[in-house]
Amino acid sequence: MLNKTLSRRELGLGAAVLALAACTKAGTTAQAAEGSTKGAMEKKMSENIDWANLTDSQWKARLTDQEYKVLRHEATDRPFTYALLENKETGIYDCAGCELPLFESETKFDSRTGWPSFWQNIDGSLGTKEDRKLFSLRTEMHCSRCKGHIGHIFNDGPAPTGKRFCANGSALHFRKA
Ligand SMILES: [Zn+2]
């Protein structure tokens, strides 16, 4: 229940729509189904899935091969392969596994690493753990809802946070504002 509450709050612009939908209960009033609310409505429906407890084969069926390898088995995209690496459009980068909003386009920056990078995540969207692979200690980041692997966090990012959230493009779905 906590996750549901958090993720609704994190939807930002969609919050009002969700509030409306929650109040009416009927779901698809003409008003709520209008235009840009479609994505929000789909998200609301997707929240009924018990994301943290999907099986490996269920994930495999839901995701593309590369999404599955990255999100579920911590593979890393080859650098400079993400189609939206240079994307400067305003919008939200959602988790490719469960569509939880992870990053806002305003926090994206060019790290010249070949991976989409952000200096801040949306509050509460990520969990972290220590990653000692590759003979060094790194901070792994994953989606707080479906636990899908997103990338790593480094301390060489720009102001104001000094953090670099180095993400795999395969773990992200961009949603234009
Ligand atoms: Zn997720």
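Reply: What follows is a short tour by question and answer, and the model is a predicted one.

Me: OK, how many helices and strands does the protein have?

Reply: There are five helices and nine strands.

Me: In what order do the elements run from the N terminus?

Reply: The order is α-α-α-α-α-β-β-β-β-β-β-β-β-β.

Me: And what share of the residues is buried?

Reply: Of the 177 residues in the protein, 44% are buried. As for contacts between residues at least 6 apart in sequence, 53% of them join residues at least 24 apart.

Me: Let's do the sheet. What is the strand order in the open sheet of six strands?

Reply: The order is β3-β4-β8-β7-β6-β5, and the pairing is antiparallel. The edge strands, β3 (108-109) and β5 (126-131), each pair on one side only.

Me: How many bridges join β6 to β7?

Reply: Four bridges do, between residues 138-143 of β6 and residues 149-154 of β7. In this pair, His142 stands opposite His149 of β7.

Me: What holds paired strands together in general?

Reply: Strands of a sheet pair through backbone hydrogen bonds.

Me: Back to β6. Is Arg138 in that strand buried or exposed?

Reply: Arg138 is in β6, and it counts as buried because its relative accessibility is 18%, with the cut-off for buried being under 20%.

Me: What does Arg138 touch?

Reply: Leaving out residues up to four places away in sequence, Arg138 touches Lys129, Glu130, Asp131, Lys133, His152 and Phe154.

Me: What about β1 and β2, how do they pair?

Reply: β1 (residues 91-95) and β2 (residues 101-104) pair in the antiparallel sense, over three bridges. Ile92 has Glu104 in β2 as its bridge partner. The hairpin has five residues between the strands, and Glu99 there takes a positive phi near 70°.

Me: Now the metal. Which residues are the protein donors of the zinc ion?

Reply: The donors are the SG atoms of Cys95, Cys98, Cys143 and Cys146, at 2.3 to 2.4 Å from the zinc ion. Along the chain their spacing is C-x2-C-x44-C-x2-C.

Me: What geometry does the site have?

Reply: The zinc site is tetrahedral, with angles of 100 to 117° among its four donor atoms.

Me: Are Cys98 and Cys143 buried or exposed?

Reply: Cys98 has a relative accessible area of 0%, so it is buried. Cys143 is also at 0% relative accessibility and therefore counts as buried. Cys95 is buried as well.

Me: Switching to the helices. Which residues of α5 are buried?

Reply: In α5 (residues 65-73), Glu67, Tyr68, Val70 and Leu71 are buried. The buried residues of α5 pack against α4 (56-62), β1, β7 and β9 (172-176).

Me: What comes after α5?

Reply: Glu74 follows the helix, and its phi is positive, near 55°.

Me: Last topic, the largest nonpolar core. How many residues has it?

Reply: The core has 27 residues, and those with the most contacts inside it are Cys95, Leu102, Phe103, Met141, Ile150 and Leu172. At least two residues of this core come from each of α5, β1, β2, β6, β7 and β8 (164-167).

Me: Which element gives the most to this core?

Reply: That is α5, with three residues.

Notes:
Residues numbered from 1 in each chain as written. Predicted model: local features only at pLDDT ≥ 70, side-chain atom pairs only at ≥ 80, totals over all residues. Heavy atoms only, no water. Pairing = 2+ DSSP bridges. Buried < 20%, exposed > 50% of the residue type's maximum accessible area, 1.4 Å probe, protein only. Contact = heavy atoms within 4.5 Å. Donors = N, O, S within 2.8 Å, 3.2 Å for Na, K, Ca; no water. Tetrahedral: all angles 85-135°; square planar, octahedral: opposite > 155°, others 65-115°. Core = buried A, V, L, I, M, F, W, Y, C linked by side-chain atoms within 4.5 Å.
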